[in-house]
Structures are given as C-alpha cells and as structure tokens.
Amino acid sequence: MSQSTPLSAPAKRARDLRLDFFRGIAMFIILLAHTPGNPWTLWIPARFGFSDATEIFVFCSGMASGIAFGTVFVKRSWHLGAARIIFRVWQVYWAHIGIVLFTAGMLVALQSTGLGPIDKDYTRWFPIGGFFSDTPGRPAETLLGLFTLTYVPGLFDILPMYLVILAMVPLVMGIYRIGGREAVFIVLPTVWLLANLAGYARVSMADVTPEELAASKTALQLFAIWLGDLFSWMNLPGVPWEERATWFFNPFAWQLVFFTGFAFAMGWIPAPPVRRWLIVLAIAVVILTVPFAWHKTYQYLTGFLPEAWGGGFLWDARGVIEPFRWKTWIGGWRFLHFLALAYLAWAAVGPGGIRLSTGWGVVQRTLTTRRLVATAAALAALATVPWTYLWEIKALFPALDAFFFGHLVVDGRYHGLFHLIHLAAMITLIWHSIGDRARHWLVQDAFLACVPVIRKVGTQSLAVFLVSIALSRFNGWWMDSMGVWIEAQGFTYLAPRDVWVVGFVNLIGFGVLIATAYTVSWFKRQPWRQKPDPAAATPRPSTAKAVPAE
C-alpha cells in the first residue's frame with residue numbers, strides 16, 4: 001500500500017436514514033415494474049429517464065456493503081473480510097436458486113386454478129419456460145444452467161449480478177491496500193469501459209458478415225469492436241441453448257454503480273456539497289433526458305409528438321445514442337442520469353437527511369394567489385378528464401372509445417401528456433383545497449409516519465426483494481383474472497377492469513412487502529434468546545375472594 005494512503009474506514013456510526021429510505025422506495029418501484037400489465041408502471045421514474053430503481057438498489061447495496069463489510073477488511077483483516085463476503089455470496093446464491101424454483105412452482109399452482117385468460121399458459125413464461133419445455137433435454141439443461149448460473153433469465157437476473165459484484169469486493173480491497181483509492185478509481189472505470197466495449201462489439205457483430213461490418217463502420221468504430229471482442233468473455237452466457245443470450249445485467253459494468261456507493265460509504269469519495277449551480281446542472285441533465293426516454297415523445301406512431309414536430313428525429317437520435325443509454329452495460333448517459341437524480345435526492349432531504357426526521361415546510365401564499373391557482377387547476381382537470389380515464393371508457397363506452405381513436409387520435413394504452421396535465425391539476429387542486437392544517441399534516445405528520453415504514457422495507461431489502469419477485473407474478477395473474485381484453489387499432493391487450501382494481505392489487509402488494517420487512521426484522525432479533533423480564537415472569541398474588549365450597 002502506498003504510504004500516502006492510510007488504510008482507514010469510517011468510524012462506526014448510526015445507520016444512515018437516507019440509505020434505507022431510498023432503498024425502501026426502490027423496493028416498491030421494483031414491485032410495480034415487475035408486475036405485468038400494471039398501469040402504475042407507466043408512472044415510475046424509469047418511464048421518464050434512462051436510470052431506474054435498479055440503480056438505486058445497486059448503489060444503496062454498495063453503500064450498505066461498505067458499511068457492513070468494509071470495516072471488517074480494515075479493522076480485522078483482509079482474510080476475515082473476504083470470508084465475510086464469501087458467506088454473503090453463499091446466502092445470495094441460495095436465495096437466487098430458491099426464488100426461481102419457488103416462483104416456478106407458484107406459477108404452476110396458479111395455472112392449475114384455471115383462472116385468467118383462457119389462452120395464457122403461465123408455465124410458458126420465458127424465465128421458467130425451460131423447466132416445462134417439450135424439447136428433449138431442455139428441462140435438465142435448464143436445471144443445470146440454473147445451478148451453474150449459465151441460465152439467468154429476465155426478472156431473476158439482479159441477484160446473480162449482485163453476487164458477482166460482491167465477489168469483487170475482496171479484489172477491490174486488495175487493490176486499495178496496494179495502490180490506494182487512486183488505483184481503485186483507475187481500475188474500476190477501466191473495467192466498466194471494457195465491459196461496454198465488449199457489449200458494443202457483441203451488438204455490432206450480430207447477424208452481419210465481416211465485409212458488411214467493415215463497410216458500415218468507421219476506423220475508430222472498427223478498432224473499438226476489435227478491442228471489445230478481446231474481452232467478449234465479459235458477456236456472461238445467460239441461456240444455454242441461445243448462443244448470443246447474455247446476462248441482462250452485466251456485473252463488470254454494473255460494478256461501477258455498486259462501488260460508487262461503496263466508495264462513499266468508505267470515505268474514499270467525499271460527500272458532494274449542495275450548491276445552486278450543481279442543482280441546476282442536475283435538473284438540466286434530468287430534463288434533457290426526458291425527450292429521449294419517454295415513449296410519448298420519441299414514439300411518434302403512438303405518442304403525441306408527430307413526426308413533423310420531431311418525433312422521427314428523436315427516434316433516430318435514440319438509435320445513435322443507444323450505447324450511452326444501455327441498461328445491460330450501464331451506458332455513460334444512463335449512469336450520469338442516475339448521478340443527477342441521486343444528487344437531487346441528496347439535496348432534497350437536507351444535511352444528514354434531516355427532512356426525513358423533521359418533515360417539510362409549507363410555502364405560504366396569499367388567498368388571492370391560492371384561489372387563482374385552484375381555479376386554473378380545476379379548469380385543467382375538467383378539460384382533461386376524457387383523456388385520463390380511457391381504461392373505463394374502453395370497458396363501458398366502446399362507441400365513445402372509437403370516437404376518440406377515430407377523431408382525436410388518443411392512444412389509451414399509454415399515459416400521455418393529457419394524463420400528466422390532469423394528474424398535476426388534480427394534485428394542485430386538492431392541495432389548495434384542503435386547508436393549511438391538512439397541508440401541514442401531510443408534509444409533517446403523515447410523511448414522518450411513513451418514513452419508518454419505508455426505512456424498515458429498506459433495511460430488509462434482500463428478503464423484501466425475494467418476496468416481490470414472486471409477488472409481482474402473482475399480482476399480474478390477479479389482474480389478469482379481474483381484467484378485460486380490449487381490441488383497438490388492430491391491437492388486443494388486457495386492460496384492468498377499473499382503476500380501483502389496479503389500486504387495490506398494488507396497495508395489497510405494498511402491504512405484503514411491509515409485512516415481510518417487519519416479520520423478518522422480528523425474526524432477526526431472535527426474541528426467543530432474550531432474557532425474560534423477571535418482574536413480568538413472577539406471578540402476582542390473586543386478589544379474588546375465595547369462594548366457599550358448597
């Protein structure tokens with residue numbers, strides 16, 4: 001280790017409120033995102049930007065690992081730290097195996113109920129379909145691939161990525177011992193860059209001949225493809241019977257997100273200052289990303305932005321910037337977008353996450369201003385009602401639905417600009433109508449009551465995540481069982497029966513995650529090992545009067 005870089009870790013401190021709070025938020029978002037046919041998914045942050053809850057989960061897991069494991073490396077020894085990591089990898093590995101098999105069994109049970117769409121076989125869902133395939137040898141190949149991590153299908157791919165990154169922690173700590181944080185800051189971004197080049201080579205070389213590749217790429221691109229192909233081993237095989245299928249979350253790329261959080265927890269990166277110009281810059285990054293990330297802007301065939309207004313341009317631009325927004329290899333723009341959101345969240349909750357303990361303040365406005373804002377919001381809400389409740393219009397008024405499609409070209413399969421205007425108008429109208437006392441209750445009492453619950457979910461993130469995987473498929477089946485099939489513009493798709501069903505299913509799902517977190521927390525405390533209170537254990541003398549025997 002270089003003499004200028006002392007081997008040190010942050011002193012033991014209270015668990016950071018922000019870490020568990022944002023990780024808990026990520027757990028709720030992940031449940032929504034994984035639930036098939038869930039309209040609430042169209043409101044999650046990933047629909048308006050490149051990064052999503054996965055970055056939150058991985059970044060916070062990096063911070064938690066720095067707090068939990070980094071101290072072992074520093075205060076005990078490298079060998080004990082590595083042993084601690086190996087034990088955690090062992091736990092995550094069997095958690096992954098268990099949740100895949102459990103979900104497969106659950107879907108078999110749901111299929112046997114006979115509920116849901118007649119033509120839908122839940123055992124044919126692609127992540128578990130290999131277990132029930134009619135292809136000779138496929139089930140055995142799938143089972144072997146599951147245990148060797150060469151079969152890592154979608155939805156079940158976060159934990160394998162996480163355990164590979166965990167296995168890298170001893171290597172990173174070894175690099176730190178030898179060359180300090182400067183060496184870490186050189187090696188990890190280099191590994192990320194090579195993983196992206198490997199991904200670029202894999203995508204570029206797919207389904208083209210060498211001659212076609214040479215004719216369509218510049219000399220610099222060909223060099224990047226050649227260099228990336230040298231590191232093609234970084235693209236880990238994800239499906240045994242599909243040669244080009246790889247892990248959806250490449251761990252050699254996603255380690256950059258994990259170790260960014262790890263570095264903050266270890267004190268290798270100082271906490272960023274809250275500056276006005278940094279906040280403006282972060283907001284600019286987030287806003288600039290929206291046109292390229294929100295489908296209603298770049299998909300001019302189904303969105304509200306016609307091709308003549310730039311819809312076609314945005315579609316083409318997305319293709320050009322595709323390597324920078326990759327999710328599999330965590331492209332550069334995607335990583336930058338996450339950093340911008342993380343910084344805004346960091347600034348919003350205040351120093352040390354103070355607002356998670358004190359709540360938020362209410363901006364006082366004059367009565368005239370409140371009335372003007374409320375009136376404008378009411379008019380906007382009324383004007384956008386027809387565009388907002390299209391699910392109900394489709395189910396109850398097919399003729400009106402046909403009119404909307406035929407004359408107003410409003411696509412109810414996706415949330416559009418009118419939905420956002422309506423939502424903002426309704427929130428504004430309600431906010432200005434409930435009074436000062438109710439507003440104070442929302443941003444103080446109600447918010448502070450929710451924070452411990454969300455934090456509890458964040459502290460038990462592994463158990464909650466495992467439950468959410470199976471729960472998301474169950475909720476999808478539940479919505480299917482209560483849904484109605486819609487035909488419009490040549491498409492057939494499942495629409496929820498009404499917003500109340502969707503809300504009920506999603507809120508029940510949130511309740512299950514919360515109950516899981518509190519239950520696991522209770523078991524981890526091992527109350528059966530706690531010494532009983534002698535005062536409580538001593539029986540009190542009875543004060544009842546004796547009844548004489550007859």
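Which helix supplies the largest share of the nonpolar patch? The answer is α4, with four residues. The legends below refer to a predicted model.

**View 1. Overall fold of the predicted model.** The protein has 550 residues, of which 45% are buried. Its secondary structure consists of 25 helices and two strands. Among contacts with a separation of 6 or more, 74% are between residues 24 or more positions apart.

**View 2. Nonpolar surface patch of about 600 Å².** The side chains shown are F87, W90, W94, L101, L143 and F147, which together make the patch. Two helices, α4 (residues 78–112) and α6 (residues 138–148), each supply at least two of the patch residues. Four residues come from α4, the largest share.

**View 3. F147 in helix α6.** F147 is one of the residues of the nonpolar patch. Its relative accessible area is 33%.

**View 4. Cysteines C60 and C450.** C60 has 5% relative accessibility and so counts as buried, since the cut-off for buried is under 20%. C450, at 42%, counts as partly exposed. A disulfide is a covalent bond between the sulfur atoms of two cysteines. With a cut-off of 2.5 Å between cysteine sulfur atoms, the count of disulfides in the model is zero.

Definitions and conventions: Residues are numbered from 1 along each chain as its sequence is written. This is a predicted model: local features need pLDDT of at least 70, side-chain atom pairs count only at pLDDT 80 or more; totals for chains, interfaces and linings use all residues. Side-chain values use heavy atoms; hydrogens and water are left out. Patches are made of residues with over 30% relative accessible area and no salt bridge: like charges are joined within 9 Å, nonpolar side chains (Val, Leu, Ile, Met, Phe, Trp, Tyr) within 5 Å. Accessible areas come from the Shrake-Rupley method with a 1.4 Å probe; for residues, only the protein chains shown count as cover. A salt bridge is a side-chain nitrogen of Lys or Arg within 4 Å of a carboxyl oxygen of Asp or Glu. Buried means under 20% relative accessible area, exposed over 50%, partly exposed in between (1.4 Å probe, protein chains only). Contact means heavy atoms within 4.5 Å.
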